[in-house]
Amino acid sequence: MLKRLDVYNSIFSARALFIAGLFMVSALVFNPSTELRVAQFLFFWFLAWLSGRRTKFFLTIFIILFIVVFNLIVPHGRVLFSIGQLRITSGALTAGIHRAFTLGALVMLSKVTVRQDLMLPGTFGRILGESMRIFSAMMNRKFHITGRNIIVQIDNLMLELSEQDYSPQSAVNIVKTKLVGYIVLIAVVLFSWLPWIFVI
């Protein structure tokens, strides 16, 4: 039985995924509703899991909580309650949730729509494609940062990544999008814009 990642790699081309990702990013960043951005984040997370990509549940939740808490430092809006000297305000809490889930959604979406065999035309496309391939490699590799020597660990990761070849020739086998792949991508893009029905 084929794994989800094998199916994902076999029916979508990297360029089709990237173009679909641009449409889905637009649906996210132009969506003013915090609640609907949370829904989009959950949808993109589901897509990342469905594609067979590695999603780090506890790390993702930790980052979201960290961003929310960091935004609470600058209070604005109605005071909901206080924890010691910290005042939890409606404006700061909403802004923190909005930003946290936006970042989380972008990370999940990048896992689905950015692949290492991505090739874009032109010099700018080549540079952008290489940057995307490096980012995809970082998102999908196992790397654990402990509390000690964080800077050194990140530096070692950067050195390790710099020694690898991220040209399209060294990436996974380049495939063309199959008919079912186009159908799935169109459906996914339309579904990602579904929250706009409630916004309008």
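Is Lys-3 buried or exposed? Lys-3 is exposed, at a relative accessible area of 62%, where buried means under 20%, exposed over 50% and partly exposed in between, with a 1.4 Å probe and protein chains only. Before the views, a word on the model: it is predicted, so to speak, with local features needing pLDDT of at least 70 and side-chain atom pairs counting only at pLDDT 80 or more, while totals for chains, interfaces and linings use all residues. Residues are numbered from 1 along each chain as its sequence is written, and side-chain values use heavy atoms, with hydrogens and water left out.**View 1. Here is the chain as a whole.** The protein chain holds 9 helices and 2 strands; these are DSSP runs numbered from the N terminus, with helices (H or I) of at least four residues and strands (E) of at least two. Read along the sequence, the pattern is α-α-α-α-β-β-α-α-α-α-α. Of its 200 residues, 38% count as buried.

View 1. Lys-3 belongs to the segment before α1. From Lys-3 to Gly-52 the C-alpha to C-alpha distance is 7.5 Å, although 49 residues separate them in sequence. Pro-32 is found in the loop between α2 and α3 and is exposed as well, with a relative accessible area of 56%. Its C-alpha lies 9.1 Å from that of His-98, a residue 66 positions away in sequence.

**View 2. Trp-45 and Phe-57 form a tilted aromatic pair.** The whole structure contains 9 aromatic pairs. Rings of Phe, Tyr and Trp (its six-membered ring) pair if their centres lie within 6.5 Å; planes under 30 degrees apart count as stacked, over 60 as edge-to-face and the rest as tilted. For Trp-45 and Phe-57, the centres are 5.6 Å apart and the planes make an angle of 35°. The pair links distant parts of the chain, with Trp-45 in helix α3 (residues 34–50) and Phe-57 in helix α4 (residues 57–71), 12 residues apart. Trp-45 counts as buried because its relative accessibility is 13%, whereas Phe-57, at 45%, counts as partly exposed. Ring pairs also join these two with Phe-41, Phe-58 and Phe-101 in a cluster.

**View 3. Arg-4 places its charged end over the ring of Trp-49.** The distance to the ring centre is 4.3 Å. A charge sits over a ring if NZ of Lys or CZ of Arg is within 6 Å of the ring centre and within 35 degrees of the ring normal.

**View 4. The second largest pocket has about 300 Å³ of space.** On a 1 Å grid over the protein atoms alone, a pocket is an open set of points where a 1.4 Å probe fits, with protein on both sides within 12 Å along at least five of seven lines; lining residues have an atom within 4 Å of a point. The volume is the space filled by probe spheres set on the points, which are joined across faces, edges and corners. Of the 17 lining residues, Phe-12, Leu-47, Leu-50, Ser-51 and Val-184 lie nearest the pocket centre. Helices α1 (4–11), α2 (14–29), α3, α5 (90–113) and α8 (179–192) each supply at least two residues of the lining. By class, the lining has 14 nonpolar, 2 polar and 1 charged residues; Ala, Val, Leu, Ile, Met, Phe, Trp, Tyr, Cys and Pro count as nonpolar, Asp, Glu, Lys and Arg as charged, and the others, Gly among them, as polar.

**View 5. Strands β1 and β2 pair in the antiparallel sense.** Strand β1 (residues 79–83) meets strand β2 (residues 86–89) over 4 bridges; two strands pair if DSSP finds at least two bridges between them. Val-79 has Thr-89 in β2 as its bridge partner, and Ser-82 stands opposite Arg-87. The hairpin has 2 residues between the strands, and Gly-84 takes a positive phi near 65° there.
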